[in-house]
Amino acid sequence: MTNIKVGQFPSTRLRRLRMKDFSRRMVSENTLSVNDLIWPIFVCEGNNIADAIKSMPGVFRYSIDNILKELENVVNLKIPAVALFPQIDHALKDENGSQAIDENNLICRTIKAIKQNFPDLGVICDVALDPYTNHGHDGIIIDDIIHNDATLDILEKQALVQAIAGCDIIAPSDMMDGRIGRIRNFLDQHKHEDTLILSYAAKYASKFYGPFRDAISSSGNLKGGSKSSYQMDVANSNEALREVAMDINEGADMVMIKPGMPYLDIIQRIKSEFQIPTFAYQVSGEYSMIKGAVNNGWLDSKVVKESLLSFKRAGADGILTYFAREIAEELQND
Ligand code: PBG
């Protein structure tokens, strides 16, 4: 700030530029556009299903046929990409999350259906085992420990089946060490060198994920109740830079910070340090807090846009948000 010529009152009046709409617009420093939005969607088995998620008012789990219907509007709105999250039937979950590497699993079938119908829509998929394990953790448990390297053996295969199904962006979200490098190598060996990797590089052990775990039915069974042996300590900031640096070295094309609004400081540090495409995830708990308050009339619905603009101010290139669709509609009418 030391180089800024501050000026002095009364010759300098900062309110002058704020007086009128035209001048406010002229000097506006950040804008939110539809290109900044990624819509996360929950997918489930069945036909013609739109299952309301109780802890996320206005968010549904859709069967594949209904996803295709919803996506028509998403494509018309020009939202660039969607992120898919599967709710796996309990009967198919096991200790090792073996459904994750089945090339006909729910997520692979969803990717194929989307790509057949909307080839130009970007598809992002999580690579992590938590939707598939009966203990709800993101990795394999050996002797009561979430085993890093045993998990990597499965993750690379999970990434490959998704890439083969047509996924554009692989998003490893489990915070195991070395996963980006292993997945990058494995994809390259199998001639998927053009599949992008968006690393959930700085992902915190946050309670803001609660509603998401309801949505994919992994909350009830989370053994030990916490993911803090692999996700980051919410008190840490320098560690986020190390995580990102390592992921860039291992081949990440883009990085993500998660959750979003409580971690704007992390987004800002990462963007200014690395200048890599940087994404923020406004997670389920953030959505539910805002939506709940708006639905109750406690907050004006304009807080949604304000929250998304805060990510842009912090330096994010894009935002995964459950508000993507409604905000895209609002932006169209602006
Ligand atoms: C799975 C995953 C989670 C989210 C995205 N991918 C949950 C978790 O790590 O427990 C959370 C998203 C949200 O809360 O909206 N690894």
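Entry 1: Helices (H or I, at least four residues) and strands (E, at least two) are DSSP runs, numbered from the N terminus. With those labels in hand, I started my tour of this model, which is a predicted one. I went to the loop between strand E6 (140–142) and strand E7 (145–147), where Asp143 lies. What is phi of Asp143 near? I found it near 50 degrees, a positive value in a residue other than glycine. I noted it because most residues other than glycine have a negative phi.

**Entry 2: cis peptide bonds.** Next I looked up peptide bonds, keeping in mind that most of them are trans. A cis bond joins Phe9 and Pro10, with omega about 10 degrees. I placed Pro10 in the segment before helix H1 (21–26). Another cis bond joins Lys258 and Pro259, and here omega is about -5 degrees. Pro259 sits in the loop between strand E10 (254–258) and helix H8.

**Entry 3: the cavities.** How many cavities of 30 Å³ or more does the structure hold? I have four in my notes. The largest cavity has about 80 Å³ of space. By class, I wrote down four nonpolar, two polar and six charged residues for the lining of the largest cavity.

**Entry 4: the largest pocket.** I then moved to open space. The largest pocket contains about 240 Å³. Which residues line the largest pocket? I noted Leu14, Leu17, Arg18, Arg24, Val27, Ser28 and Glu29. These divide into three nonpolar, one polar and three charged residues.

**Entry 5: H8 beside H10.** Back to helices. I followed H8 (residues 264–274) to helix H10 (residues 303–314), and their axes are 8 Å apart. The two pack at an angle of about 30 degrees, so H8 is roughly parallel to H10. In this contact, Leu264, Ile267 and Gln268 of H8 meet Ser310, Phe311 and Ala314 of H10. I counted the classes as four nonpolar, two polar and no charged residues.

**Entry 6: H9 beside H10.** I stayed with H10 and looked at helix H9 (residues 284–295), whose axis is 10 Å from that of H10. Does H9 run roughly parallel or antiparallel to H10? The packing angle is about 150 degrees, and angles over 145 count as roughly antiparallel, so H9 is roughly antiparallel to H10. From H9 I noted Glu286, Ile290 and Val294, and from H10 Val303, Val304, Ser307 and Phe311. The residues of this contact divide into five nonpolar, one polar and one charged.

**Entry 7: H10 across H11.** One more partner for H10 is helix H11 (residues 324–333), and their axes come within 11 Å. The crossing is at roughly 95 degrees, which means that H10 is roughly perpendicular to H11. On the H10 side I found Val304, Lys305 and Leu308, and on the H11 side Ile327, Glu330 and Leu331. Four nonpolar, no polar and two charged residues make up this contact.

**Entry 8: salt bridges.** Last, I looked up charged pairs, and the count comes to 16 salt bridges. I picked out Lys115 with Asp168, where the closest N and O atoms are 2.7 Å apart. Where are the two partners? Lys115 is in helix H3 (residues 106–117), while Asp168 is in the loop between helix H4 (148–165) and strand E8 (169–172). The pair links distant parts of the chain, 53 residues apart.

Methods: Residues numbered from 1 in each chain as written. Predicted model: local features only at pLDDT ≥ 70, side-chain atom pairs only at ≥ 80, totals over all residues. Heavy atoms only, no water. 1 Å grid on protein atoms, 1.4 Å probe; cavity = no way out; pocket = protein on both sides within 12 Å on 5 of 7 lines; lining within 4 Å. Points joined across faces, edges and corners; volume = space filled by probe spheres on them. Nonpolar A, V, L, I, M, F, W, Y, C, P; charged D, E, K, R; others polar. Axes fitted to C-alpha atoms, helices over the stretch in contact; angles between N-to-C directions. Parallel < 35°, antiparallel > 145°, perpendicular 65-115°, else oblique. Contact = heavy atoms within 4.5 Å. Salt bridge = Lys/Arg side-chain N within 4 Å of Asp/Glu carboxyl O.
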